[in-house]
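Hi,

Here is the structure I promised to send over. Have a look, and then read on for what turned up in it.

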Amino acid sequence: MPGFNIDLIISDYIDDWKLSLNENNNFYMKAWILDNQAKIDEKPLKLVDEYPTPEPKYGQVRIKVKYCGICRTDLHIAEGDLPLHKKPIILGHEIAGVVDKVGEEVRRINIGDKVGLSWLYHTCN
């Protein structure tokens, strides 16, 4: 849709529909993260049980991911064929989920909306 651009935060929580609290009363999620690129058979992804849960900023929405596809682009990033622009990164960009929180000035997407996303290069800053 021309002129319509919204940033997205992709997250996957430990509890279905609930944010989990750690012993310090901080919200967290479980995530597979990539910190250092290496061949897949060297297992560059690391499972983190208490990754900080992102909060949506102005114009952003947070999505409770229900399904996520890992495609060849993710493998290129993991293996170093494409540059890693920030660290750590949570791979996966073809998702289906439900909006669970919205930032300021988000008017066209609401909490509870079901959404599907594909990779869009210009949104990956």
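Cys68 is partly exposed, because its relative accessible area is 39%, which falls between the limits of 20% and 50%. Bear in mind that this is a predicted model. Cys71, on the other hand, counts as buried, with 19% relative accessibility, since the cut-off for buried is under 20%.

Cys68 is in no disulfide, and the nearest cysteine sulfur to it belongs to Cys71, 9.3 Å away. That is too far for a bond, because a disulfide needs the two sulfur atoms within 2.5 Å.

On to the inside. In soluble globular proteins, nonpolar side chains tend to be buried together. Here the largest nonpolar core has 7 residues: Val61, Ile63, Val65, Ile95, Val99, Val106 and Ile109. E5 gives the most, with 3 residues. There is also a second, separate core of 6 residues, with Ile77, Ala78, Leu84 and Leu91 among them.

Trp32 belongs to strand E3 (residues 27-34), and it counts as partly exposed because its relative accessibility is 49%, while exposed means over 50%.

Cheers

Notes
Residues are numbered from 1 along each chain as its sequence is written. This is a predicted model: local features need pLDDT of at least 70, side-chain atom pairs count only at pLDDT 80 or more; totals for chains, interfaces and linings use all residues. Side-chain values use heavy atoms; hydrogens and water are left out. Helices (H or I, at least four residues) and strands (E, at least two) are DSSP runs, numbered from the N terminus. Buried means under 20% relative accessible area, exposed over 50%, partly exposed in between (1.4 Å probe, protein chains only). A nonpolar core is a set of buried Ala, Val, Leu, Ile, Met, Phe, Trp, Tyr and Cys residues joined through side-chain atoms within 4.5 Å.
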